[in-house]
Amino acid sequence: MEGKIIKYYREAKKLTQKEIVQGICSITHLSKIERESTQYSSEIIYMLCERLEINMEDEIERFQQFKRKMTDLQKQIIIQDDERIEQLKKELTANSLRKVPDFQASYFLTMARYFLYKMKVTEAYYFINQLQKEVIELTSFEENSLKHQLGIYYFLTGRNKDCIRELSSIDHDSYHQNEYYYHLALAYYAANQNVQAYYYGKKAA
């Protein structure tokens, strides 16, 4: 995470790699640090942080807190704590870390889920569409989460067959979120397939 933090603040301060490495290390070494593809000393990180005027321990906590808030918002949506949901959403959208490339997929998925929960399908689809673009690389968990959000979107827009197709393609071994079984049950019920609706309703419990 240290390399990502260095890169984030270097770019936020509009500094080139050359400008911050003078007297510290080579540009090539910094590039590898930012990509997290090399080992490096704590002294180098300390000097880079001094130049960027940041405290690495504080920034690591700030990054981890942002990740925890995204996870917490997803959980609050499931239990439907509206007050906490709105508080977390406000905090996340006001946080500049949402623009960090490594957070983009998680942030877009979280916002898509929020707007689907609010039944604002146009806003939700904006984030879904961003995730479907090839420029954002997704982990296996994120790919399945995207299918989940897309399935909810199809259900809310009356496309039950598309919803069933999308949710049925989720790999449960990579996505341990039983909530999608609940949405699959709803889609089958709406499609008058009560046996399947009952089956997935039981799995969602």
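Colleague: Which residues touch the most other members of the largest nonpolar core?

Modeller: The model is a predicted one. Its largest nonpolar core has 61 residues, and the largest share of this core, 10 residues, comes from helix α7, residues 101-117. The members that touch the most others are I6, F63 and Y107.

Colleague: Taking I6, which residues does it touch, not counting residues up to four places away in sequence?

Modeller: Contact here requires heavy atoms within 4.5 Å. Residues up to four places away in sequence are not counted. With those set aside, I6 touches I20, L30, E34, I45, L48, C49, L52 and M56.

Colleague: Against which helices do the buried residues of α3 pack?

Modeller: Helix α3 covers residues 27-34, and its buried residues are H29, L30, S31, I33 and E34. The buried residues of α3 pack against α1 (2-12), α2 (17-21) and α4 (42-52).

Colleague: Which residue just after α3 takes a positive phi?

Modeller: Helix α3 spans residues 27-34. Just after α3 there is a positive phi of about 55°, and the residue that takes it is E36.

Colleague: Is the ring pair of Y175 and Y180 stacked, edge-to-face or tilted?

Modeller: The structure holds 18 aromatic pairs. In the pair of Y175 and Y180, the ring centres are 6.0 Å apart and the planes stand at 45°. Planes under 30 degrees apart would count as stacked and over 60 as edge-to-face. The angle for Y175 and Y180 is 45°, so the pair is tilted.

Colleague: Why does the pair of Y180 and Y181 count as tilted?

Modeller: The ring centres of Y180 and Y181 are 4.5 Å apart. A stacked pair would need planes under 30 degrees apart, an edge-to-face pair over 60. The pair is tilted because its planes are at 35°.

Colleague: Are Y175, Y180 and Y181 buried or exposed?

Modeller: A residue counts as buried under 20% relative accessible area. Y175 has 4%, Y180 has 4% and Y181 has 9%. Y175 is therefore buried, Y180 is buried, and Y181 is likewise buried.

Colleague: Which residues do ring pairs link into a cluster with Y180?

Modeller: Y180 pairs with Y175 and with Y181. Besides these two, the cluster that ring pairs link around Y180 includes F141, Y188, Y199 and Y200.

Colleague: Which helix supplies the largest share of the lining of the largest pocket?

Modeller: The largest pocket has a volume of about 410 Å³. Its lining has 19 residues, and M70, T71, Q74, T110 and F141 lie nearest its centre. By type, the lining divides into six nonpolar, eight polar and five charged residues. Helices α5 (56-79), α7 and α9 (140-156) each supply at least two residues, and the largest share, six residues, comes from α5.

Colleague: Which helix gives the most to the lining of the second largest pocket?

Modeller: The second largest pocket holds about 300 Å³ of space. Of its 14 lining residues, Q80, R113, Y117, Y182 and H183 are the closest to its centre, and the lining divides into 10 nonpolar, two polar and two charged. Helices α5, α7, α9 and α11 (179-190) each supply at least two residues. The most, four residues, comes from α11.

Definitions and conventions: Residues are numbered from 1 along each chain as its sequence is written. This is a predicted model: local features need pLDDT of at least 70, side-chain atom pairs count only at pLDDT 80 or more; totals for chains, interfaces and linings use all residues. Side-chain values use heavy atoms; hydrogens and water are left out. Buried means under 20% relative accessible area, exposed over 50%, partly exposed in between (1.4 Å probe, protein chains only). Rings of Phe, Tyr and Trp (its six-membered ring) pair if their centres lie within 6.5 Å; planes under 30 degrees apart count as stacked, over 60 as edge-to-face and the rest as tilted. A nonpolar core is a set of buried Ala, Val, Leu, Ile, Met, Phe, Trp, Tyr and Cys residues joined through side-chain atoms within 4.5 Å. On a 1 Å grid over the protein atoms alone, a cavity is a set of points where a 1.4 Å probe fits but cannot get out, and a pocket is an open set with protein on both sides within 12 Å along at least five of seven lines; lining residues have an atom within 4 Å of a point. Grid points are joined across faces, edges and corners, and a volume is the space filled by probe spheres set on the points. Ala, Val, Leu, Ile, Met, Phe, Trp, Tyr, Cys and Pro count as nonpolar, Asp, Glu, Lys and Arg as charged, and the others, Gly among them, as polar.
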